[in-house]
Amino acid sequence: MGFDKKDIISIRDFSKKEILYMLESAKKIESMQGREKLLRGKILATLFYEPSTRTRLSFESAMLRLGGSTTGFSDPKGSSVAKGETLSDTIRIVEGYSDIIVIRHPVEGAARLAADTAHVPIINAGDGANQHPTQTLLDLYTILKSKGRLDGLTVAMVGDLKYGRTVHSLAHALSLFDTRMIFVAPESLGMPDDLLDELKGKGVDLTSTASLKDAIRSADILYMTRIQKERFPDIVEYEKVKGVYVLSSAMLSSAKKGLKVMHPLPRVDEISTDVDATENAVYFEQAKNGVTMREALLAILLGRLK
Ligand code: CP
């Protein structure tokens, strides 16, 4: 199957067939002979207007592992953004220095604007509370690797479902498969109504609850998320919900056999470190899968993987 998209901005831009193609490409690249030369001569620019460890470093690692090079900034204060340069102007400049651009920005829609301006491929590494499509792809890849399938699973998403771009992207992607969803959040941090309406309209079997214990009993995948202090307009509202869910290894004694615990990371306190050594924990493996998934995405968008 070919791939005719220039950019990766939202998971909504992709069909189920295209998503499966990207996942198959990740599997293929893992064992590809000569992959260390696949992107030789290509330059990746990473423009991060917000902090990141996993997304930026795994994209850079992916490019280096495929033989390419990287440039960019991890803090706009050290770039001409601090002098007032617009996003469009920055993109017009950086596309002259690189073959593909990965951007993280606090404003929803910023990556789409960058893609409209750029002639080189743009990858959205997170735009505000909106979308984080490459996280979703590595999440799906992790589910596929750890459970052997994407259909017939119950996936519980826990924590900040209101501002969490990872769960917004993931819920949409999973709606393309036969997935039962459980949304676990305090009332003030529930999934946005428009997303709930969309999922219900597509006939998704979904439950909203505040009980983590109930979800643990029926989930195949427990997708924990951080309560994101930085997204709250009012700190008082954050103080009311911080620490609301803390998963411990003791709580996993009631879990369904084979439950896998995922988290996009970073975590604060929502998963106790005593979960790390359990056979349920796959969140460090999930972060590592990000390199493979992003290798595949760079190779596809740069026309080196068919
Ligand atoms: N999962 C994720 O986006 O992590 P970073 O914020 O460290 O990139």
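Predicted model: local features only at pLDDT ≥ 70, side-chain atom pairs only at ≥ 80, totals over all residues.
Reader: OK. At what angle do α5 and α6 pack?

Author: About 55°, with the axes 8 Å apart. Helix α5 covers residues 133–147 and helix α6 covers residues 165–174.

Reader: Which class does that put α5 and α6 in?

Author: The angle is about 55°, so α5 and α6 are oblique to each other.

Reader: Is the crossing of α5 and α6 left-handed or right-handed?

Author: Right-handed.

Reader: Which residues in α5 and α6 meet?

Author: From α5, P133, Q135, T136, D139 and L140. Their counterparts in α6 are T166, S169, L170, A173 and L174.

Reader: How many residues in that contact are nonpolar, polar and charged?

Author: The contact of α5 with α6 has five nonpolar residues, four polar and one charged.

Reader: Switching to aromatics. How many aromatic pairs are there?

Author: Four, counting ring centres within 6.5 Å.

Reader: Why is the pair F232 and Y238 edge-to-face?

Author: Planes over 60 degrees apart count as edge-to-face. The planes of F232 and Y238 are at 70°, so the pair falls in that class. Their ring centres are 5.5 Å apart.

Reader: Are F232 and Y238 buried or exposed?

Author: F232 is buried, at 11% relative accessible area. Y238 has 12% and counts as buried too. The cut-off for buried is under 20%.

Terms used
Residues numbered from 1 in each chain as written. Heavy atoms only, no water. Phe/Tyr/Trp six-rings, centres within 6.5 Å; stacked < 30°, edge-to-face > 60°. Buried < 20%, exposed > 50% of the residue type's maximum accessible area, 1.4 Å probe, protein only. Axes fitted to C-alpha atoms, helices over the stretch in contact; angles between N-to-C directions. Helix = DSSP H or I, 4+ residues; strand = E, 2+ residues; numbered from the N terminus. Parallel < 35°, antiparallel > 145°, perpendicular 65-115°, else oblique. Left-handed = near helix turned anticlockwise from the far one by under 90°. Contact = heavy atoms within 4.5 Å. Nonpolar A, V, L, I, M, F, W, Y, C, P; charged D, E, K, R; others polar.
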